[in-house]
2 protein chains.
Amino acid sequence: MTESSARTAEESAPAAPSGVPDAFDVFARSCPSRTTLEHVTGRWGGLTLGALHEDTLRFNQLRRRVDGVSEKMLSQTLHALERDGLVVRDARPGNPPHVEYRLTPLGAEVSTRLLGLITLLEDRMPEVLAARETYDGRGGK
Amino acid sequence: MTESSARTAEESAPAAPSGVPDAFDVFARSCPSRTTLEHVTGRWGGLTLGALHEDTLRFNQLRRRVDGVSEKMLSQTLHALERDGLVVRDARPGNPPHVEYRLTPLGAEVSTRLLGLITLLEDRMPEVLAARETYDGRGGK
DNA sequence: CAGAATCCCAAGCGATACTG
DNA sequence: CAGTATCGCTTGGGATTCTG
């Protein structure tokens, strides 16, 4: 991820009276929080965190759980999440190799929020589906 | 942790002949909930919903708020969200044209969850940044 | 202002093959 | 099992132009 930030996140933060450091603002294009949000909500990031919320899992277990992910993308996703401090890679020596992935405390908080969102959506899918039909039915399509 | 292993919902065929209430499972590749999740957590979907959580906004206000989005992508994102029943497009006739976007009740619930996630991340960014440095420092890169 | 349509490059991603 | 490396298709999405 080419993060060529010559100047780091500075959006016109108005009067910060005290020595309060500029808050991170995900709406600002170059705020580092934006890339983390993208890792978390990206195509595979959210599902990966969701899967790990339930259990510590090994690489191939994860692959099976997150239906449709390729090895490459899972590996890549895991690296990004590990780098951001949301996931820990726990490798134990031996043969065959044994590696487990687990959430950090922060990762657990994030995945809790994410799972709340996922559950909400799953619950309300009938509404969504109905809306789509209405939309497609008249001039929408 | 919510319900641990109560998810035996392994269905490959979302369509059940009789009124079987097969649950939507976002982990399944072809579940319709997956596409909605992607609209919501996609690159611009989350930020758009987040922006609309605060206010009803017009197209160009939205564009300014969601820093970095192009007209095309905003338009596209808005359509997807409208189709899924999360956003309402409220157009009033006149010249110049006046169009507002507003969340539906479901959209408001979703954006509340999303905003919780965003806020959490913004708050904990120092942790994330520290993790990145550690990771990059010792051979991770 | 609000948005549709077109063009087009770069990034995303899957398939495959290879390593330890 | 747990990955990395390479290749090439597909897509995302920015820039630009055009309508009402």
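Trainee: At what distance from an N or O atom in the side chain of Ser70(A) is a phosphate oxygen of DNA strand C?

Mentor: Residues are numbered from 1 along each chain as its sequence is written, and chains are lettered from A and ligands numbered from 1 in the order in which they are written. A polar contact is a pair of N or O atoms within 3.5 Å. For Ser70(A) and the phosphate oxygen of DNA strand C, the distance is 3.0 Å.

Trainee: Which part of DNA strand C is 2.4 Å from an N or O atom in the side chain of Lys72(A)?

Mentor: On chain B, a polar side-chain atom of His79(B) lies 3.0 Å from a phosphate oxygen of DNA strand C. Lys72(A), by contrast, has a side-chain N or O atom 2.4 Å from a base oxygen.

Trainee: Which element supplies the largest share of the surface near DNA strand C?

Mentor: A residue is near a strand if one of its heavy atoms lies within 4 Å of it, and 19 residues surround DNA strand C. Helices (at least four residues) and strands (at least two) are DSSP runs, numbered from the N terminus. The largest share of this surface, four residues, comes from α4(B).

Trainee: Which elements of chain A each supply at least two residues of the surface near DNA strand D?

Mentor: This surface also draws on chain B, whose α4 (71-83) supplies at least two residues. Within chain A, α4(A) gives the most, with four residues. The chain A elements that reach at least two residues are α3 (59-65), α4 (71-83) and β3 (98-103).

Trainee: At what distance from a phosphate oxygen of DNA strand D does a polar side-chain atom of Ser75(A) lie?

Mentor: Ser75(A) is among the closest of the 17 residues that surround DNA strand D, as are Arg58(A) and Arg89(A). For Ser75(A) the value is 2.6 Å.

Trainee: Which three residues of chain A supply 15% of the area that chain A buries against chain B?

Mentor: Contact means heavy atoms within 4.5 Å, and 52 residues of chain A are in contact with 54 residues of chain B. Buried area is the accessible area (1.4 Å probe) that two parts lose on being put together, summed over both. The two chains bury about 5300 Å² between them, 62% of it on carbon and sulfur atoms. The three residues, which supply more of chain A's share than any other three, are Phe27(A), Arg83(A) and Arg132(A).

Trainee: Over which residues of chain A does pLDDT stay under 50?

Mentor: pLDDT is the predictor's confidence in each residue, from 0 to 100, and chain A averages 85, with 82% of the residues scoring at least 70. Where pLDDT is low, the predicted coordinates should not be read in detail. In chain A, the stretch under 50 is residues 1-16.

Conventions. This is a predicted model: local features need pLDDT of at least 70, side-chain atom pairs count only at pLDDT 80 or more; totals for chains, interfaces and linings use all residues. Side-chain values use heavy atoms; hydrogens and water are left out. A polar contact is a pair of N or O atoms within 3.5 Å; within protein, one must be able to donate a hydrogen and the other to accept it, and residues adjacent in sequence count only if both atoms are side-chain atoms.
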